[in-house]
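Here is a short briefing on charge pairs and pocket space. Please keep the structure open while reading.

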Amino acid sequence: MKSTTRGTLAAVATGVAAVVGAATPAAAVGTVPVPVPLDGVEKSLHVPMPKLAVELPMLMPGAPEGPRYVEGQLLPARTLPQLPIGGSLPGAGLQSPLPKALGGFDRMRVGAPASDIRALAPGLSADAPLTAPNPDAFGLPGLKLPQAGVLAPVVQGVPTADLGLGSGR
């Protein structure tokens with residue numbers, strides 16, 4: 001195989017890898033597990049301590065939607081566009097010892113796994129206090145009341161949690 005053919009194939013493979021990497025959704029980035037060390041407290045106080053683990057999200061901003069021009073307005077419909085942000089809600093897991101008073105159960109487990117979340121940052125929509133050029137007034141714009149509006153932030157997600165009792169470690 002010639003070196004030019006190999007170079008061309010390498011360039012195509014690199015381009016395909018870049019496109020596939022860019023097409024990965026922001027929520028696929030996931031979370032970073034962070035264990036909370038409580039072993040020292042358990043050993044120093046001689047008391048069984050709960051086991052705690054946390055998952056922290058990695059939020060990734062997306063590309064904002066482009067401006068949309070509306071007939072009769074001088075400025076686009078979304079002057080300051082909303083920035084989409086994708087990631088996940090933090091997750092946590094807790095396992096705690098219980099006294100034997102609850103029958104055969106000696107452990108309580110609470111789990112809230114990390115869940116995907118989509119958000120849109122607030123935006124701004126405004127229009128200038130001028131109309132479009134008027135041919136009857138020699139091409140000069142007319143005056144009108146200025147318009148401004150705030151685009152509300154949006155958050156979408158489905159968090160879940162589990163609670164359970166059990167025995168053993």
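Partly exposed means a relative accessible area between the buried limit, under 20%, and the exposed limit, over 50%. Arg68 has 44% relative accessibility, so Arg68 counts as partly exposed. The model is predicted. The salt bridges come to 3.

**Network around Glu65**
- Glu65, Arg68 and Arg78 form a linked network of salt bridges.
- Glu65 pairs with Arg68, with the closest N and O atoms 2.6 Å apart.
- Glu65 is partly exposed, at 41% relative accessibility.
- Glu65 also meets Arg78 in a salt bridge of 3.6 Å, N to O.
- Both Glu65 and Arg78 sit in the loop between E3 and E4, so this pair ties together parts 13 residues apart in sequence.
- Arg78 is partly exposed, at 26% relative accessibility.

**Asp127 and Lys144**
- The side chains of Asp127 and Lys144 form a salt bridge (2.5 Å, N to O).
- Asp127 is in strand E8 and Lys144 is in the loop between strand E10 (141–143) and strand E11 (147–151), so the pair ties together parts 17 residues apart in sequence.
- Asp127 is buried, at 4% relative accessibility, whereas Lys144 is partly exposed, at 27%.
- Beyond four places in sequence, Asp127 touches Gln73, Leu74, Leu75, Lys144, Pro146 and Gln147.

**Largest pocket**
- The largest pocket holds about 180 Å³ of space.
- Its lining has 13 residues, with Pro84, Ile85, Gly86, Arg118 and Ala119 nearest the centre.
- Strands E3 (60–61), E4 (84–88), E7 (116–120) and E12 (154–157) each give two or more residues to this lining.
- By class, the lining has 9 nonpolar, 3 polar and 1 charged residues.

Technical notes: Residues are numbered from 1 along each chain as its sequence is written. This is a predicted model: local features need pLDDT of at least 70, side-chain atom pairs count only at pLDDT 80 or more; totals for chains, interfaces and linings use all residues. Side-chain values use heavy atoms; hydrogens and water are left out. Contact means heavy atoms within 4.5 Å. On a 1 Å grid over the protein atoms alone, a cavity is a set of points where a 1.4 Å probe fits but cannot get out, and a pocket is an open set with protein on both sides within 12 Å along at least five of seven lines; lining residues have an atom within 4 Å of a point. Grid points are joined across faces, edges and corners, and a volume is the space filled by probe spheres set on the points. Helices (H or I, at least four residues) and strands (E, at least two) are DSSP runs, numbered from the N terminus. Ala, Val, Leu, Ile, Met, Phe, Trp, Tyr, Cys and Pro count as nonpolar, Asp, Glu, Lys and Arg as charged, and the others, Gly among them, as polar. A salt bridge is a side-chain nitrogen of Lys or Arg within 4 Å of a carboxyl oxygen of Asp or Glu. Buried means under 20% relative accessible area, exposed over 50%, partly exposed in between (1.4 Å probe, protein chains only).
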